[in-house]
Amino acid sequence: DMDDAGLALAAADGHNSGGDFTLWNAIEGTQVWTYSTSAMCWPIQLSADARRVAAGSDDGNVYLFPGLGH
């Protein structure tokens, strides 16, 4: 997912043995953070201003992460 201004890029990946959520600064091309889970990661959504990231995983949890500007 990408925010409205194209400042950040968020991705979810994984397999049955685990997955990751990752946030990048799209302008600088640098990774901001990554968070690993014990199961596949599915939906990920950046807020319009890139300040928050919401995501879900097959581990049964919904996550809220800081985005850019924190």
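Begin by selecting Phe21, Trp33, Tyr35, Tyr63 and Phe65, which ring pairs link into a cluster; here rings of Phe, Tyr and Trp (its six-membered ring) pair if their centres lie within 6.5 Å, and planes under 30 degrees apart count as stacked, over 60 as edge-to-face and the rest as tilted. Keep in mind that this is a predicted model, in which local features need pLDDT of at least 70 and side-chain atom pairs count only at pLDDT 80 or more, while totals for chains, interfaces and linings use all residues. Residues are numbered from 1 along each chain as its sequence is written, and side-chain values use heavy atoms, with hydrogens and water left out.

## The aromatic pairs

A search of the whole structure finds six aromatic pairs. Select Trp33 and Phe65 and look at the two rings: their centres are 4.7 Å apart and their planes stand at 40°, so the pair is tilted. This pair links distant parts of the chain, with Trp33 in strand E3 (residues 30–37) and Phe65 in strand E6, 32 residues apart. The strands (E, at least two residues) and helices (H or I, at least four) are DSSP runs, numbered from the N terminus.

Trp33 is buried, with a relative accessible area of 16%, and Phe65 counts as buried at 10%, where buried means under 20% relative accessible area, exposed over 50% and partly exposed in between (1.4 Å probe, protein chains only).

Next, select Tyr35 and Tyr63, whose rings have their centres 5.3 Å apart and their planes at 55°, so this pair is tilted. Tyr35 lies in strand E3 and Tyr63 in strand E6, so the pair ties together parts that are 28 residues apart in sequence. Tyr35 is partly exposed, with a relative accessible area of 36%, whereas Tyr63 is buried, at 14%.

Now return to Phe65 and show its surroundings: leaving aside its neighbours within four places in sequence, Phe65 is in contact with Phe21, Trp33, Tyr35, Arg51, Arg52, Val53 and Ala55, contact meaning heavy atoms within 4.5 Å.

In soluble globular proteins, nonpolar side chains tend to be buried together.

Switch to a cartoon view and find the open sheet in which three strands follow the order E1-E2-E3 with antiparallel pairing; two strands pair if DSSP finds at least two bridges between them. E1 and E3 are the edge strands of this sheet, each pairing on one side only, and neighbouring strands are turned by 15° against each other on average, direction ignored. (The axes behind such angles are lines fitted to C-alpha atoms, for helices over the stretch in contact, and angles run from 0 to 180 degrees between N-to-C directions.) Seven bridges join E2 to the antiparallel E3, and Asp20 stands opposite Ser36 in E3. Follow these two strands to their hairpin, which has four residues between them, and select Gly29 in the turn, where phi is positive at about 75°.

Then move to the open sheet of three strands in the order E4-E5-E6, where the pairing is antiparallel. Its edge strands are E4 and E6, each of which pairs on one side only, and its neighbouring strands are turned by 20° against each other on average, direction ignored. Four bridges join E4 to E5, and the bridge partner of Cys41 in E5 is Ser57.

For the last stop, select Asn25, which lies in strand E2 (residues 18–25) and counts as buried at 13% relative accessibility. Its bridge partner in E3 is Thr30, and a polar atom of the Asn25 side chain lies 2.9 Å from the backbone nitrogen of Ile27.

Leaving aside neighbours within four places in sequence, Asn25 is in contact with Leu7, Thr30 and Val32. Select Leu7, which is found in the segment before E1 and counts as partly exposed at 35% relative accessibility.

Notes. Polar contact = N/O pair within 3.5 Å; in protein donor to acceptor, adjacent residues only side chain to side chain.
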